[in-house]
Amino acid sequence: ADYACRPGIGNTMIFLLYNVVTRLARPLLDQHLQRRVACGKEDPERLRERRGEATRVRPPGQIFWVHGASVGECQTALALIDCLLSRDPGMQILLTSGTRTSANLMAGCLPERAIHQYVPLDQPLWIARFLDHWAPSAAIFVESDLWPNLVLEVQARDIPLILANARMSKSSFARWRRLRYLTRRMFKSFALILASNEAQKQGFESLTSAPVVCIGNLKRAAGPLPVDEAKLLALKNTIGSRSVFLAASTHDGEEAEIFAAHRRVTNRIPDLLTMIAPRHPNRGPVIERIAADAGLTAARRSTGALPDALTDIYIADTMGEMGSLFTLADTVFIAGSFVPVGGHNPLEPAHFGKPVMFGPLMAKNADIAADMIAAGVAEEVPDGLALGERIVALMQDGERRSAITGAALAFVRGQSKIAEDMAGRIIDVVNRQGHPGAPQGGPTS
């Protein structure tokens, strides 16, 4: 699409410049993709999806396109996808993301009538190819993975554009406010912005006149992660009666704190098995070396190893097994919260009735964390030594753990209506705007 020829673009030359640059940069983007393949960050069998070339035939009828940047956003989107599909038995869902980790995870999580593809890079010809093929009736971006060419091309085709579970950091809001000449053009494209909390609602209202509604954080509506019963049983039989602590979704810089907690606990609970599930499974060998340097015996699940009586640290460097790990754990630490990542979703272990702990850096899930603390199902700890103390206290108090289990399960049961409300509002917007999507037997190439 030639944005220079569209009304209102003349006073926003930065978009025209960006559009032209990304068109000219196509050879460089191809090289970029090849470098990512070499680093293992792209799937060579599906690389053409990143250029907008579909590897699946488009099913007939109406398709709602849902986009999430990576694992967290895609997992958040699952509850919304289920609600959308339940409202229309003829609807199909296209879920896109940009990482191999998310694609691998979604392969085992998506319901029937849902397809995963990689999102194309923000190159106009690739985006046009993608939209020509899929012809979605709606575009739903989860959280805030927004690219100018993608947003404007969706708008140009009159596809209803919804920003779901919308959130940004304070610094991101400040940057967008400083760039009002960009902000006005980008955010006016949205038919509806569904903010995750009142503070986010106010932030988005400061950027746009598009309708902004707060109906809650979609992460609260997600169901429990899947569990492979056969693998769970095999691991449970191997662990036996040992006490189990799980550090979920760790990042570089957090393992040292986890090992400090492990040492503090084993002074009083010698049989402790600490399981570490890194956010990026390819960090498994690095974590194994860090454990060895700390004088701890580690085993990696990706090698087929199972923990034995001498294993201190079991590194779960695989995908799609977090539900099983939550089931096995006596206590859980949600990582990304000892380093400035913003913290991962603390509701996931609550679905399994587990006592939850996290560090002080929970900005991305601050509202959920605060509510869980208030409900008595989670605690904040400042560092690894304090984490170790809390693990000991919880493991030595079975009555307290049982009370937390009941409270945690009750807490998560109260969150499911958010996805239903969100799905209803999205369908209402699409119906009002009246975009028909592709007809039966629409584009397939």
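Visitor: Hi! Is E153 buried or exposed?
Guide: In this predicted model, E153 has 6% relative accessibility, so this residue counts as buried. The cut-off for buried is under 20%.

Visitor: Okay, and which helix is E153 in?
Guide: E153 is found in helix α6, which covers residues 148-156.

Visitor: How far apart are the C-alpha atoms of E153 and L131?
Guide: Those C-alpha atoms of E153 and L131 are separated by 8.7 Å, while along the chain the two residues are 22 residues apart.

Visitor: New topic: strand β3. How many of its residues are buried?
Guide: Five of the five residues in β3 (residues 114-118) are buried, and the strand is mostly covered.

Visitor: Which residues sit on each side of β3?
Guide: A114, H116 and Y118 are on one side, with I115 and Q117 on the other. Both faces are covered.

Visitor: And how many bridges join β2 to β3?
Guide: Five bridges link β2 (residues 92-97) with β3, and the two strands run parallel.

Visitor: What does the chain pass through from β2 to β3?
Guide: The chain crosses through helix α4, residues 100-107, and this β-α-β crossover is right-handed.

Visitor: Speaking of α4, at what angle does α3 pack with it?
Guide: Helix α3 (residues 71-87) and α4 pack at about 30°, with axes 8 Å apart. Angles under 35 degrees count as roughly parallel, and therefore α3 and α4 are roughly parallel to each other.

Visitor: Which residues make that contact?
Guide: From α3 come V71, C74, Q75 and L78, and from α4 come T101, S102, L105 and M106. By type, the contact of α3 with α4 has five nonpolar residues, three polar and no charged.

Visitor: Let's switch to the seven strands. In what order do they form the open sheet?
Guide: The order is β10-β11-β9-β8-β12-β13-β14, with parallel pairing. At the edges are β10 (298-300) and β14 (378-380), each pairing on one side only. On average, neighbouring strands of this sheet are turned by 20° against each other, ignoring direction.

Visitor: How many bridges join β8 and β9?
Guide: Six bridges connect β8 (residues 244-250) and β9 (residues 273-278), which run parallel. L246 stands opposite M275 in β9.

Visitor: Which strands does helix α11 touch?
Guide: Helix α11 (residues 255-266) packs on the sheet and touches β8, β9, β11 (313-315) and β12 (331-334). The direction of α11 makes about 170° with that of β9.

Methods: Residues numbered from 1 in each chain as written. Predicted model: local features only at pLDDT ≥ 70, side-chain atom pairs only at ≥ 80, totals over all residues. Heavy atoms only, no water. Buried < 20%, exposed > 50% of the residue type's maximum accessible area, 1.4 Å probe, protein only. Helix = DSSP H or I, 4+ residues; strand = E, 2+ residues; numbered from the N terminus. Pairing = 2+ DSSP bridges. Right-handed = clockwise from strand over helix to strand, strands pointing away. Axes fitted to C-alpha atoms, helices over the stretch in contact; angles between N-to-C directions. Contact = heavy atoms within 4.5 Å. Parallel < 35°, antiparallel > 145°, perpendicular 65-115°, else oblique. Nonpolar A, V, L, I, M, F, W, Y, C, P; charged D, E, K, R; others polar.
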